[in-house]
Amino acid sequence: MNLVDMFLKAQGGQAVDALSNQFNLSQQQTVAALEALMPAFSQGLERNTADPMGFGGFVQTLSSGRQVNYSDNPQAAFDPMGIANGKNVLDQLFGSKDLSRAVADHASAVSGVGADTLKQMLPVVASMLMGGLYKE
């Protein structure tokens, strides 16, 4: 299953609905944003897991099971703890805030969704993504 499909199917579409409502986007805009963001997440996961230390950190983060709540209850990803968790995941995947910002800027150009919205969306998506990966 690809990462976009995982979001579309999460909780019968509740993840996309939650993102749409939280960021005042249509479902079409949310899906476009996810489609624009997921290649960067995929590359970050690949890069991270190719390195033995990165792979160990990824497995440790994933196996803790804390993220499953963000897949089961997408609203939890918007809480301060969910956002903090997402920022940690972004740091692990992208390595720097500058790269996270560049991902948001690129996704904005591709999707038409504002970069500021995507910058706010990134940690939430990261938390939901890890929860979905845990469940898979």
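**The whole chain**

Select everything first, and keep in mind that this is a predicted model, in which local features need pLDDT of at least 70 and side-chain atom pairs count only at pLDDT 80 or more, while totals for chains, interfaces and linings use all residues. Residues are numbered from 1 along each chain as its sequence is written, and side-chain values use heavy atoms, with hydrogens and water left out.

Colour the chain by pLDDT, which is the predictor's confidence in each residue on a scale from 0 to 100; the mean for the protein chain is 83, and 82% of its residues reach 70 or more. Switching to a cartoon view brings up eight helices and zero strands, where helices (H or I, at least four residues) and strands (E, at least two) are DSSP runs numbered from the N terminus. Helix 4 (residues 52–63) has the lowest mean pLDDT among these elements, at 63, whereas helix 7 (residues 97–111) has the highest, at 94. Where pLDDT is low, the predicted coordinates should not be read in detail.

Of the 136 residues in the protein chain, 48% are buried, a word that here means under 20% relative accessible area, with exposed meaning over 50% and partly exposed lying in between (1.4 Å probe, protein chains only).

Select helix 2 (residues 14–22) next, and look for its buried residues Ala15, Val16, Ala18, Leu19 and Ser20. Asn24 counts as exposed, because its relative accessibility is 70%.

Thr30, which lies in helix 3 (residues 27–50), is buried, with a relative accessible area of 0%. Leaving aside its neighbours within four places in sequence, Thr30 is in contact (heavy atoms within 4.5 Å) with Val16, Leu19, Ser20 and Leu25.

Go now to Ser111 in helix 7, which counts as buried because its relative accessibility is 18%. Its C-alpha lies 8.0 Å from that of Glu35, although Ser111 and Glu35 are 76 residues apart in sequence.

Select Ala77 together with Val124: they are 47 residues apart in sequence, yet 5.3 Å apart from C-alpha to C-alpha. With neighbours within four places in sequence left aside, the contacts of Val124 are Leu19, Phe23, Ala77, Phe78 and Ile83.

**The largest pocket**

For the last stop, select Ile83, Lys87, Leu90, Asp91, Lys97, Ser100, Arg101, Ala104, Lys119, Gln120, Leu122 and Pro123, which line the largest pocket. On a 1 Å grid over the protein atoms alone, with a 1.4 Å probe, a pocket is an open set of points with protein on both sides within 12 Å along at least five of seven lines, and lining residues have an atom within 4 Å of a point. The volume of this pocket is about 270 Å³. Helix 6 (80–94), helix 7 and helix 8 (115–135) each supply at least two residues of the lining, and the lining residues divide into five nonpolar, two polar and five charged.

Key. Grid points are joined across faces, edges and corners, and a volume is the space filled by probe spheres set on the points. Ala, Val, Leu, Ile, Met, Phe, Trp, Tyr, Cys and Pro count as nonpolar, Asp, Glu, Lys and Arg as charged, and the others, Gly among them, as polar.
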